[in-house]
Amino acid sequence: MESQHAFAHPQFALPAVHNPIEWMKHQMSDAATNKIKMAKGTTTLAFKFQGGIIVAVDSRATGGTYIASQSVKKVIEINPYLLGTMAGGAADCSYWERELGRRCRVYELRNKERISVAAASKLLSNMVYAYKGMGLSMGTMITGWDKTGPQLFYVDSDGQRLKGDLFSVGSGSTFAYGVLDSGYRYDLTVEEAIDLGRRSIYHATFRDAASGGVVNLYHVKKEGWEFISQTDVTELYYQFAEEPKPSLV
């Protein structure tokens with residue numbers, strides 16, 4: 001019985017209506033009297049390269065045009081070998097990734113070995129899929145190093161789970177992708193990869209008003225993840241402003 005409870009889905013109070021999913025869908029549609037609209041924004045990214053995985057995020061929390069915080073920690077340290085990123089609703093991401101951390105620890109105690117990145121991402125996908133259509137807002141990356149090497153997965157609040165080598169999530173992701181696509185290659189050195197991750201987040205914060213604050217950057221290696229740096233985007237603005245500009249075509 002205790003074993004079953006360890007992996008049981010958390011139970012939450014649902015709206016006292018016949019069909020909570022349809023009710024929530026209506027409340028978030030234009031037909032609702034007081035429409036619920038999630039006004040959010042962020043920029044997160046992660047990519048694999050020959051030296052492991054780079055994870056970089058901004059730190060701004062917004063509610064529409066209101067900047068609520070400039071110091072949000074958008075990388076959740078699940079365990080010494082696993083990292084998760086936050087994009088979407090801060091409460092949703094924080095709660096479900098911390099719940100994932102608990103389950104990963106239970107798995108480790110029970111099986112006497114670390115959980116794989118694939119299994120951890122599947123646990124998260126299964127948990128949130130149980131609440132699909134009920135208003136969760138989450139776009140996260142689960143990354144780490146296990147027996148198969150460096151692994152990177154994208155998981156969202158619909159339960160969608162994708163494996164890949166490069167992801168960027170959030171309102172500023174299109175700007176980050178522009179820099180990543182022009183500078184990414186698998187054989188980057190560690191220094192080049194760190195610079196690419198930092199530069200990509202900075203340029204996203206420059207163009208996307210919902211992203212900003214500082215750039216927090218991590219490097220995932222065989223020995224586990226390492227926190228590399230925290231850099232204010234204002235400092236990066238003046239640093240990059242001094243670089244020569246390419247000529248316009």
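Me: Which residue of strand 7 stands opposite glycine 84, and how do you know that strand 6 and strand 7 are a pair?

Reply: Glycine 84 stands opposite isoleucine 142 in strand 7. Two strands pair if DSSP finds at least two bridges between them, and three bridges join strand 6 to strand 7, so the two count as a pair; they run antiparallel. The model is predicted, with local features needing pLDDT of at least 70 and side-chain atom pairs counting only at pLDDT 80 or more, while totals for chains, interfaces and linings use all residues. Residues are numbered from 1 along each chain as its sequence is written, and side-chain values use heavy atoms, with hydrogens and water left out.

Me: Why are strand 5 and strand 9 called edge strands?

Reply: Five strands form an open sheet with antiparallel pairing, in the order 5-6-7-8-9. Strand 5 (75-79) and strand 9 (161-163) are its edges, since each pairs on one side only. From one strand to the next, the twist averages 20°.

Me: How do you know that helix 3 touches the sheet, and where does helix 4 lie?

Reply: Contact means heavy atoms within 4.5 Å, and helix 3 (residues 90-111) touches strand 5, strand 6 and strand 7 (139-146). Its direction makes about 15° with that of strand 5, where axes are lines fitted to C-alpha atoms, for helices over the stretch in contact, and angles run from 0 to 180 degrees between N-to-C directions. Helix 4 (residues 117-129) lies across strand 6, strand 7, strand 8 (149-156) and strand 9, running at about 155° to strand 7.

Me: Why is strand 7 called largely enclosed?

Reply: A residue is buried when its relative accessible area is under 20%, exposed over 50% and partly exposed in between, with a 1.4 Å probe and protein chains only. Eight of the eight residues of strand 7 are buried, so the strand is largely enclosed by the rest of the structure. Gly139, Met141, Thr143 and Trp145 point one way, and Thr140, Ile142, Gly144 and Asp146 point the other way. Strand 7 also forms a hairpin with strand 8, with two residues between them, and eight bridges join these antiparallel strands.

Me: What makes a group of residues a nonpolar core, and which residues have the most contacts inside the largest one?

Reply: Such a core is a set of buried Ala, Val, Leu, Ile, Met, Phe, Trp, Tyr and Cys residues joined through side-chain atoms within 4.5 Å. The largest has 21 residues, and Leu45, Phe47 and Ile54 have the most contacts inside it. Helix 6 (190-207) gives the most to this core, with six residues. Apart from this core lies another, of 20 residues, among them Ile78, Ile115, Val128 and Met138.

Me: How do you know how compact the chain is?

Reply: The chain has seven helices and 12 strands. Its radius of gyration, taken over C-alpha atoms, is 19 Å, close to the 18 Å that the globule rule gives for 249 residues, so the chain is as compact as a globular protein of that length. The rule is 2.2 Å times the number of residues to the power 0.38.

Conventions
Helices (H or I, at least four residues) and strands (E, at least two) are DSSP runs, numbered from the N terminus.
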